[in-house]
Amino acid sequence: MLAALIIVFREVLEAGLIIGVVLAASRGVEGRGRAVALGVLAGLAGSVLVALFAAEISQAFAGRGQEIFNASVLFLAVIMLTWHVVWMANHAREMTARLKQLGHAVAVGQESVLVLSIAVGAAVMREGSEVVLFLAGIIMQGASNTAALALGSLGGLLLGAAVSAVVYSGLMVVPLKRVFTVTGVLVTLLAAGLAAEAVRQLSNAGLINVLDGTLWDTSWLLGEDSWPGRVLHVLIGYMDRPNGIEVLAYVATVATIFLLAQRVHQRPVTEKAKLHALAASSRRSGVTDRDAA
Amino acid sequence: MRHVSSARPGILNGLILCAAALCALTLAAPLAPAGAAEEAEVTISIKDHKFDPAEIKVPAQKAIKLTVNNLDASAEEFESHPLGVEKVIAGKGSATIRLKPLAKGTYAFVGEYHEETAKGTIIAE
């Protein structure tokens, strides 16, 4: 029973932490609850499908199917999270102002809500399929302890959901003024961790064969298989024995998101600056005109 | 919401670039596989949630192709933290696990779904 609880808890926690962070990062976006719920449902349906076709997926691409599939799902999540951070970087000021003014959620474009669904769906599908396979195994064994195992699994599910809720509430305490900066950084690191994981999958499959030596080993300090290590692995992509290409993927993702956010962020500012400059110069020229007169 | 969507082309272009780069990476990668001829092949099986054999000796500094045949009806997840591998093996199915050349040493692995019984080690020497 305890083993079942731990396994289910682990997987639910991984998906749940991502959901918690995404929910917090989209504070004040109208329809985010519905979008995330939709993502969870789609992810669960996807989990069942992936579990059903686990053998076929694994056999595809000369036995590399599972890694390629996992990497694709992870990259999809990374792209959606990137979109989200960049969008938020561009609209944080406006959102904060409107949230203060209105005190309720702000309507945004359809696609900004859709990325939330896809990101959450990808996270749930990845972890969910493992839970589905594990539970199917329990049912198949038909052992006398099936009830105990089912109870353990339910406990794991509830516990995972509870911890995710705690993380979400923790982020909701962050003052409105700072929340989008905090969650922006958090989602960026989370996405970078997922990108590193995707690259690890491709490296394990032998599809990437460069920079695959272990860069450092901090497993003596904080093991990736310990509970704090696991949580940090999901939240900020902590790795205790990363290889070069994983670190490169991590850094490249952080840099890409940062640059995209900066670039988009600056555009309205430069336009505004131009207007200011224009106004200032006309004022100045007005002054000189009068002086000349 | 005109203002809200004003920055979209910028984000879109960036994301499309990223996606294209990733696709190119994924597609180009299989064209340059590791020296397949130098792989040492090892096959083990899972039966009654136990690995057989549970101890595998492999040459150090050589790529390894480990085939795991799952003879049980239920799925198992091959997991090794020291090796950085996590792979689901369907019930009555098999999976190929590719390991990069290993330094001399002992590497533990487990079947995550039945950790009490499914334990094993890889010894690289």
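Let me start in chain A, where A:Ala107 sits in the loop between helix 4 (65–102) and helix 5 (110–141); helices here are DSSP runs of H or I with at least four residues, strands are runs of E with at least two, and both are numbered from the N terminus. What we are looking at is a predicted model, in which local features need pLDDT of at least 70 and side-chain atom pairs count only at pLDDT 80 or more, while totals for chains, interfaces and linings use all residues. Residues are numbered from 1 along each chain as its sequence is written, and chains are lettered from A and ligands numbered from 1 in the order in which they are written.

A:Ala107 counts as exposed, because it has 11 C-beta neighbours inside 10 Å; by this count a residue is exposed with 12 or fewer other C-beta atoms within 10 Å of its own, buried with 20 or more, and partly exposed in between, the C-beta atoms being placed from the backbone. Between A:Ala107 and A:Leu49 there are 58 residues in sequence and 33 Å in space, taken from C-alpha to C-alpha.

Now to the backbone. Most residues other than glycine have a negative phi, and most peptide bonds are trans. A:Ala62, although not a glycine, has a positive phi of about 55°, and this residue lies in helix 3 (residues 54–63) of chain A. Is A:Ala62 buried or exposed? A:Ala62 is exposed, with 12 other C-beta atoms within 10 Å.

In chain B, B:Gln61 is likewise not a glycine and has a positive phi, of about 60°; B:Gln61 lies in the loop between strand 3 and strand 4 (64–70), and with 10 other C-beta atoms within 10 Å it is exposed. B:Asp52 and B:Pro53 are joined by a cis peptide bond, with omega about -5°, and B:Pro53 belongs to the loop between strand 2 and strand 3 (55–58) of chain B.

In chain B, four strands form an open sheet in the order 2-1-4-7, with mixed pairing, where two strands pair if DSSP finds at least two bridges between them. Its edge strands, each pairing on one side only, are strand 2 (50–52) and strand 7 (94–99). Strand 1 (residues 40–47) of chain B pairs with strand 2 in the antiparallel sense over three bridges, and the bridge partner of B:Lys47 in strand 2 is B:Lys50.
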